[in-house]
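Subject: Structure for you to look at

Dear colleague,

I am passing on a structure that is new to you, and below it I have written out what was found. Please read the notes with the structure open beside them.

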Amino acid sequence: MAPRLDFSNWFAKDDTRKGTPVVVKMENPNYSVVEIDGPDSAFRPVEKSRGKNAKQVTWVLLLKAHRAVGCVAWIATLFWALLGTIKKRLIFREDVSVASEKLGKGKILFAVIKLFLVSSLTILAFEIVAYFKGWHYFQNPSLHIPRTSDIQGLLHLVYVSWLSVRADYIAPLIQALSKFCVVLFLIQSVDRMMLCLGCFWIKFKKIKPRIEGDPFKSDDVEGSGYDYPMVLVQIPMCNEREVYEQSISAVCQLDWPKDRLLIQVLDDSDDESIRCLIKAEVAAWNQRGVNIIYRHRLVRTGYKAGNLKSAMSCDYVQAYEFVAIFDADFQPNPDFLKQTVPHFKDNPELGLVQARWSFVNKDENLLTRLQNINLCFHFEVEQQVNGVFLNFFGFNGTAGVWRIKALEESGGWLERTTVEDMDIAVRAHLNGWKFIFLNDVKVLCEVPESYEAYRKQQHRWHSGPMHLFRLCLPAILTSKITIWKKANMILLFFLLRKLILPFYSFTLFCIILPLTMFVPEAELPVWVICYVPVFMSFLNILPAPKSFPFIVPYLLFENTMSVTKFNAMVSGLFKLGSSYEWVVTKKAGRSSESDLLAAAERETKTTNQLQIQRGASESELTELNRLKEQKEAASTPAKRVNKIYRKELTLAFLLLTASVRSLLAAQGVHFYFLLFQGVTFLLVGLDLIGEQMS
């Protein structure tokens, strides 16, 4: 019989008593009575602080002191590195170049900013002298403005005269301009809030364009059962050495019948080596059975609009019903056409289906993170709300599908501005065509990783709309669309979001705010410079919730970019030379993980093919070696040269000067805002905003 294993007694309480019991008797016991408020008052936990001894308190204080010293050391290291960068780039000019201004338009603004800086430094010198001599009459009510007989010295006379001129002439002008800018600021904030409310309503009601049934199923029983429309895909590019391969590869893998699809690679490159690489890539995909052709213009006029216009003039385009456009850095998913083209069926008024952008390098550095916030708000809120409630928005120039009939009836691509995408969208809307935005369909692309590329891109995006507004205003006023659509296009689409936004942002936060530190009579309230901007920044970050830690840098950087946007807006509005300036945005050639795996697989296949083709002729081997050398040269990164941006640096010193003045006046909120804004301008002016993040 197996032994019985019972372990229950091991864990039971042992009540057996061992040893001899002892009885203790107490003679004359001394009792004490303790009053207890409740049944649990005697068993309350003892406070933790009572249980700590001096040694524990000392260790806690040492740990807190260690953290504080570490924080101070980190700030000091950062400050010392900033000083070293300033010394390296401003004094010794190592690996830097000054950003050039063309046709004098930037020099005028730069001269105005320098004038404000010199005036501010002069006034600050007077204010410091007055502060130590006790002449600050308007800030201390116990002091009186001296009479002529009480004035001591020439400097005292100049300071008192400055106070009188400031109160009687300068302050009223600044107050009037600041009130006007504040009104514009509030109007734009209300517009932004209405867009956010519309986005919340779309999310709450789950409103989005849907595809009903199987759109490609044919009614012809004897046929194949599916009827796919003819689709033309265009890839315009110009000297896109870094991204041409991945964009062509992604487009060639679109899931669509090969006999119903034609891909045009529209190459405007002026570099012969790049043209050879693109031709080789097109030839490789053509040998795999993809219907793809290569086009190169001999006369390169009109930039991207001229390139697209030339491609649409081909005779074979008449056989196609839709055209999809992808810029050189865009990588659509294979099911892109099956998610976009079906929306055109049974909807003859639909002219455009726009997809959303998604970014492969949004976490590359601080600059790309801040761009991601702006673009997420643009697509998630602006494009989606306008698409749902107005059926109109600005075409983004890529990742969209057009009905070719809508393009032709709207006049086709025109070369009159640098925003040909917005131009064709406005003209199509005036002709009665409707647009759809698909927030769920995303196309991978890049955002600029350097401030130089981003600055040029923003200049084109903000000068082009103002130039277009000058050209389209008569057509808008005489069009047959309803009055409220005309009002929306003129007041909201163009004036408020393209003109007023950069105007008040630059004027209010970069000019008026620092000047009010030297003119206390026109001081801006705290809610204008702090509460409302932070709240609006919070709304902008909602579509990108992972970017909440960057809310303060985002607010400061947007104010910094207002210099470029204001300059571009003025050049476009008054048709200055740079309003028709097109610079191709520099790409880095970032790829997603799936693209990297596919590229590795293609590289393996190419290597195997080269091993098999040992019987090739000498000329073919020479050509292959030449292409290989060109690819290796393209993969070698060039040494980066930082630029110095004089307008941003001058504004940085202006804001830092104003922060010193606010410190003398004991204005805490103004001081911190001006200080941080000045440091942001300094980082941008030294081209540090696009440095790599660890």
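Before the helix pairs, a word on terms: axes are lines fitted to C-alpha atoms, taken for helices over the stretch in contact, and angles run from 0 to 180 degrees between N-to-C directions. Helices (H or I, at least four residues) and strands (E, at least two) are DSSP runs, numbered from the N terminus. The model is a predicted one, in which local features need pLDDT of at least 70 and side-chain atom pairs count only at pLDDT 80 or more, while totals for chains, interfaces and linings use all residues. Residues are numbered from 1 along each chain as its sequence is written, and side-chain values use heavy atoms, with hydrogens and water left out.

Helix packing

Helix α14 (residues 483-516) and helix α19 (residues 646-664) have axes that come within 8 Å and cross at roughly 50°. That angle makes α14 oblique to α19, where angles under 35 degrees count as roughly parallel, over 145 as roughly antiparallel, 65 to 115 as roughly perpendicular and the rest as oblique. The crossing of α14 and α19 is left-handed, a term used if the near helix is turned anticlockwise from the far one by less than a right angle, with right-handed used if clockwise. In contact (heavy atoms within 4.5 Å), Phe506, Phe509, Cys510, Ile511 and Pro514 of α14 meet Leu651, Leu654, Leu655 and Ala658 of α19. By class, this contact of α14 with α19 has nine nonpolar, no polar and no charged residues, where Ala, Val, Leu, Ile, Met, Phe, Trp, Tyr, Cys and Pro count as nonpolar, Asp, Glu, Lys and Arg as charged, and the others, Gly among them, as polar.

Helix α19 also meets helix α16 (residues 551-573), and the axes of these two come within 10 Å and cross at roughly 125°. Helices α16 and α19 are therefore oblique to each other, and their crossing is right-handed. Val563, Thr564 and Asn567 of α16 make the contact with Lys647, Glu648 and Leu651 of α19, and these residues divide into two nonpolar, two polar and two charged.

Helix α14 packs in turn with helix α13 (residues 451-478), at an angle of about 165° and with the axes 11 Å apart. The two, α13 and α14, are therefore roughly antiparallel to each other, and their crossing is left-handed. The contact of α13 with α14 has twelve nonpolar, no polar and two charged residues.

Strand β2 (residues 231-237) pairs with strand β5 (residues 322-325) in the parallel sense over four bridges.

From the record

UniProt, in an unreviewed entry, places the feature "transmembrane region" at residues 65-86, 107-132, 169-187, 499-518 and 671-689; the positions are given in the numbering used here, feature names are shortened, and annotations may be inferred rather than shown by experiment. In the model, residues 107-132 are 100% helix and 0% strand, with end C-alpha atoms 38 Å apart.

How values were computed. Pairing = 2+ DSSP bridges.
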